[in-house]
Amino acid sequence: MAIDYQEKIPNNVDLSDDRKLQRALEHWQPHFIDWWKELGPEGFQAQDVYLRTATSVDAKGWASYGFVHMPEYRWGIFLADPVQDRKIGFGDEMGQPAWQEIPGEHRATLRRLIVTQGDTEPASVEQQRRLGLICPSLYDLRNLFQVNVEEGRHLWAMVYLLHAHFGRDGREEAEELLARHSGDVNNPRILGTFNEPIEDWLSFFCFTYFTDRDGKYQLMSLAESGFDPLSRTCRFMLTEEAHHMFVGETGLGRVIQRTCDVMNELKTDDPLKVREAGAIDLPTVQRYVNFWFSSAVDLFGAESSSNAANYFAAGLKGRPDEDSYEDHDCSNASYTMELPRQDGLGVVTEEIAMRNAMNSVTRSAYIKDCGIGLTRWNRAIRKAGIDFEIKLPSERFRRNIGVWAGFHFDPEGQPHTQTDWDDKLFDWVPSHEDREYVQSLMVQVMEPGKMAGWIAPPPRGINNQPVEYEYVRG
Ligand code: BYC
């Protein structure tokens with residue numbers, strides 16, 4: 001379906017046929033624009049940015065690039081094309097036709113899931129809003145803004161579902177999505193990670209690598225939903241998530257490459273000497289990885305969760321790639337879960353019902369996927385002849401949600417006493433000095449093709465443009 005970009009709200013959902021819904025969304029739109037201007041990217045609202053705009057849901061619709069002022073980026077609502085006669089693929093109602101309208105008994109649960117998903121999108125824009133002022137290059141600046149405008153559209157997608165299917169409570173929830181703010185003590189964002197400040201680009205790259213990958217896994221789970229409009233929205237959003245993770249993986253890869261180059265130039269593996277030369281030493285990169293990975297691992301919820309069991313039983317939220325499993329009912333299956341011994345100084349196992357273990361199943365798939373980038377970075381480190389390996393910490397490390405919360409397990413998964421933990425924590429996560437050092441490197445570079453000294457240039461530009469292209473103008 002072609003999308004009319006002259007409409008106030010470009011969309012592929014026949015909005016003009018539903019005047020009430022159109023009016024409700026047109027009422028929300030100025031609130032969104034005000035929020036974007038106030039809490040979106042600082043300092044670049046009037047610049048021309050070389051952005052990719054999705055003009056349709058097929059592969060061809062992804063090829064549209066052009067210069068846009070961010071507040072005028074078209075926030076089209078998109079649903080992936082419907083699958084004919086789609087059926088619910090798991091749980092107690094498996095094989096029944098997917099719902100086009102929400103069954104009354106699932107209304108509150110679906111609303112909660114959609115609101116939780118929707119809340120993360122503006123949260124991440126708020127977290128990243130000052131990064132433009134300290135960008136390492138125009139190429140990176142443009143990538144940041146591409147990520148930001150797409151999060152804006154993901155918010156629109158969730159708001160569309162709330163307005164279209166939840167009546168007055170949906171409209172109220174949509175307003176709340178703009179009222180909660182990342183890090184606000186009185187009205188914070190719903191999930192922990194989305195209240196963590198992102199004040200430097202190393203954190204941004206870790207966030208897009210680890211947190212956006214949680215986005216991928218949660219969207220894959222919701223794409224399995226028996227509520228078809230949610231499934232179609234998430235399928236479309238997933239196409240954008242890949243670029244965000246690319247920004248994270250290549251960003252961290254370029255930081256590591258630059259560090260290796262400096263280490264080889266200076267023939268040193270002394271972190272202090274690396275810092276004196278203005279690069280980010282590898283142990284500091286590891287501590288940032290530890291911080292953001294452990295925060296992201298919490299986003300999957302508790303290891304054993306009756307919420308997750310209910311979502312699965314009801315057909316609301318499946319497992320990523322549900323088709324790849326043989327058993328889509330799981331009511332007779334079990335899962336062996338690790339948990340801390342009562343004194344916190346050991347690990348025991350327990351059999352739990354598989355339906356209750358769905359968060360653990362998804363988390364394990366996520367952790368495996370996280371490993372792929374590390375393999376690439378470690379290959380580059382080895383190729384540079386340097387003896388260092390970036391590792392994923394244990395999923396027991398620094399948890400605030402689930403069975404490991406309140407205990408003290410180190411990145412290797414070994415238990416510690418509170419005193420031990422307090423002594424060693426800043427060997428494992430960035431200390432105040434680490435953050436200050438990284439912050440000291442964050443100086444804005446706006447000359448086309450030029451890179452800050454702590455990051456290697458990318459191998460190629462965007463959309464066949466050269467690296468030295470002027471991606472942000474004006
Ligand atoms: N922080 O039974 P449990 C993305 C709450 S990222 C704070 O274990 P459940 C993106 C939980 O809400 C993807 N609270 O939870 C990435 C529940 O509260 P209520 C976002 C937490 O329901 C980058 C209570 O603890 N999408 O798209 O099985 C940039 C009991 O927990 C946390 C979704 O998350 C936490 N980390 O699973 C931009 C999908 N974890 O309800 C975007 C929708 C849990 O008792 N959300 N709690 O008040 C869900 O599917 C589930 O809510 C969760 C939790 C997976 C988050």
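I sorted the lining of the largest pocket by residue class and got 12 nonpolar, 15 polar and 10 charged residues. I note here that the model is predicted.

I then looked up the volume: the largest pocket holds about 800 Å³ of space. Its lining comes to 37 residues, and I found T116, L191, L299, F300 and G301 closest to the pocket centre. I also checked which helices take part in the lining: α2 (107-127), α5 (201-223) and α9 (306-314) each give at least two residues.

Next I turned to R180. I placed R180 in the loop that runs between α4 (167-179) and α5. Is R180 buried or exposed? I list R180 as buried, because its relative accessibility is 10% and the cut-off for buried is under 20%. I looked for a polar partner and found that the R180 side chain makes a polar contact with the D119 side chain at 2.7 Å. Leaving out residues up to four places away in sequence, I recorded V115, D119, E126, N187, P188, R189 and I190 as touching R180.

Last, I went through the ligand surroundings. I counted 30 residues around the ligand, with Q117, A302, S305, K317 and N359 coming nearest. Which distance did I get from the side chain of K317 to the ligand? I read 2.6 Å between an N or O atom of that side chain and an oxygen atom of the ligand. For Y311, I noted 3.0 Å from a side-chain N or O atom to a ligand oxygen. For T120, I noted 3.5 Å between a polar side-chain atom and an oxygen atom of the ligand.

Methods. Residues numbered from 1 in each chain as written. Predicted model: local features only at pLDDT ≥ 70, side-chain atom pairs only at ≥ 80, totals over all residues. Heavy atoms only, no water. 1 Å grid on protein atoms, 1.4 Å probe; cavity = no way out; pocket = protein on both sides within 12 Å on 5 of 7 lines; lining within 4 Å. Points joined across faces, edges and corners; volume = space filled by probe spheres on them. Helix = DSSP H or I, 4+ residues; strand = E, 2+ residues; numbered from the N terminus. Nonpolar A, V, L, I, M, F, W, Y, C, P; charged D, E, K, R; others polar. Buried < 20%, exposed > 50% of the residue type's maximum accessible area, 1.4 Å probe, protein only. Polar contact = N/O pair within 3.5 Å; in protein donor to acceptor, adjacent residues only side chain to side chain. Contact = heavy atoms within 4.5 Å. Near = heavy atom within 4 Å.
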